[in-house]
Amino acid sequence: MAVSIARRPAASAPLLILTFLSTLIIHRSVAEIAESASTTQELPHRRFEYKYSFKGPHLAQTDGSIPFWLHTGNAIPSADQVRITPSLRSQRGSVWTKNKVKFEHWEAEVTFRVSGRGRMGADGLAVWFTTSQGLDGPVYGAADKWNGIGIFFDSFDNDGKKNNPAIIVVGNNGKLVYDHQNDGTTQALGTCLRDFRNKPYPVRARITYYKKTLTVMINNGFTPDKEDYEFCTKVDNMVIPSEGFFGLSAATGGLADDHDVLSFLLFRLTEPGQQPPPPESEIPKEEKDKYQEEFQNFQQELDKKKEEFQKEHPDVQGEPIEDLYETVNDREIRQVFEGQNRIHLEIKQLHRQLAMILDEQRRYVSVITDEISKKGTTAESGQVDSYNQQLGSVVATQQEVLRNLNELRNSFSESLKQISSAQHQGNAGSMGTYDTIQHFNDIKEHLHTVKRDVEHLVQRNAQNPAEKVLKCPELPPLPSCLSTVHFAIFIVVQSVLFFCYIMYKSQQEAAAKKFF
């Protein structure tokens, strides 16, 4: 009995452990299901607010302004992005909304790039929500002592603790001075270390303020996935002003980076039980009537211009609008024809240059034959044979050059014929694209052959012995006008005269001293 009593606890222990683990797993799964159900029920409604947003490709207008936004300092708007600061030292820039944001909950998505040549950059980028527009100041290009919230993308390590680049959330009631020396860590409500410089893809930040909770999510820019966000920081029980301006600012110091913002998208968040107000209720009736009247006037002017255009161009009536634009196939054929025309002009120019070279070679041959006839009548019999041999080799070389040039000229003529035939086939219709490409390849081969033959001719002419024959005869060395003996005598006489002059001068000075 003692043995059976001792074995019962050992046998029931695994059963108890399995029961406890199964109960724990079931409880956790039920909790997760409840939590997921509650989160899906509590997701807010999002509505895009275009008056507080900007993005490409038509971001800036022709005058350089951004619709519904104003830019100051060194900010440079373009069609695809806003360069808040260029990579120059001591630069400041910012962009701010012109109108105040008057809704309680919001979500902002910022797409930006921070790029520079060095391993370290400065100073950083900031996203603002404040009661007033901080157009210029020492805090990342914006004003200090702000009333609101600032999310700072700090890229320079001021305190030397090697905790940068970092993302810092700092709140202010309009009385605090930002702590630059410690990178704002003494005033930070939330922070995370993320390297956002020199990434292959744009970095994205999603900033959400919902039910007095500020959440910052970051897409680190390593992948093109726009929804690949990771958690950065979260601030609970945060009270910010109910109305304010959104802004983006940046600054550089001794080091410099390009701070480019590609887009800023703002969404209004509404609780699931509440429906967002319709867009018509936000616009006053007077402004709505004014806009409607302007639209009607514009529509009437557009109809009048259409009628005038149809009267001036009656043959354009009835044509589809697509025919007025160039298709992809037409553009490719036009580019092919333009390339053929350029090649045609180049070959014509080379043809003219070859004709000039042929004329010069013929002139050289005639000059050489004249020299042969003259030398045959005036020179002695011993020299005539050597001259005849040299001139014969020159004539043979020149004839070979002429023959090669004629071959080149014939190849150019064939290339011109091929180009003309290709253009004729191309004008007949757009079905000869393959033949046109084949003609291009043939022309390219002919041009390579011509280039190789010309280089060969240049080398042959450089080694041509005719240059030695056509040179003027060298004169025999003339005797030197001054021999070595004459030069030695001249030096001795000059030395004696100089010595005598010195002696005479010293005697004159000694005689003059006797009178004093």
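**Close-up views of a predicted model**

**View 1. An aromatic cluster in the predicted model.** Phe-54, Trp-69, Trp-106, Phe-129, Tyr-209, Phe-246 and Phe-264 together form one aromatic cluster, shown here in a model that is predicted. In the model as a whole, the count of aromatic pairs comes to 21.

**View 2. The ring pair of Phe-129 and Phe-246.** A pair of aromatic rings is described by how far apart the centres lie and by the angle of the planes. For Phe-129 and Phe-246 the ring centres are 4.9 Å apart and the planes stand at 50°, so this pair is tilted. The pair links distant parts of the chain, since Phe-129 belongs to strand S8 (residues 124-130) and Phe-246 to strand S15 (residues 245-251), 117 residues apart. Both Phe-129 and Phe-246 are buried.

**View 3. The ring pair of Trp-146 and Phe-152.** Here the ring centres of Trp-146 and Phe-152 are 5.8 Å apart and their planes are at 75°, so the pair is edge-to-face, the term used when the planes are over 60 degrees apart. Trp-146 is buried, with a relative accessible area of 5%, and Phe-152 is also buried, with a relative accessible area of 0%.

**View 4. A charge over a ring, at Arg-46 and Phe-267.** The charged end of Arg-46 sits over the ring of Phe-267, at 3.9 Å from the centre of that ring.

**View 5. The open sheet of seven strands.** The strands of this open sheet follow the order S3-S6-S15-S8-S9-S10-S11, and their pairing is antiparallel. Strand S3 (69-73) and strand S11 (188-193) stand at the edges, where each has a single partner strand, so one side of each is left without a neighbour in the sheet. From one strand to the next, the twist averages 15°.

**View 6. The pairing of strands S10 and S11.** Strands of a sheet pair through backbone hydrogen bonds, in either a parallel or an antiparallel manner. Strand S10 (residues 166-173) pairs with S11 in the antiparallel sense, and this pairing extends over five bridges. As one example to look for in the view, Ala-166 has Leu-193 of S11 as its bridge partner.

**View 7. The whole chain, for orientation.** The protein chain contains eight helices and 16 strands, and buried residues make up 31% of its 516 residues. Among the contacts between residues at least 6 apart in sequence, 68% join residues that are at least 24 apart. The chain exposes about 34,300 Å², of which carbon and sulfur atoms supply 57%.

Note on methods
Residues numbered from 1 in each chain as written. Predicted model: local features only at pLDDT ≥ 70, side-chain atom pairs only at ≥ 80, totals over all residues. Heavy atoms only, no water. Pairing = 2+ DSSP bridges. Helix = DSSP H or I, 4+ residues; strand = E, 2+ residues; numbered from the N terminus. Axes fitted to C-alpha atoms, helices over the stretch in contact; angles between N-to-C directions. Phe/Tyr/Trp six-rings, centres within 6.5 Å; stacked < 30°, edge-to-face > 60°. Buried < 20%, exposed > 50% of the residue type's maximum accessible area, 1.4 Å probe, protein only. Lys NZ or Arg CZ within 6 Å of the ring centre and 35° of its normal. Contact = heavy atoms within 4.5 Å. Areas by Shrake-Rupley, 256 points an atom, 1.4 Å probe, with all protein chains shown as cover.
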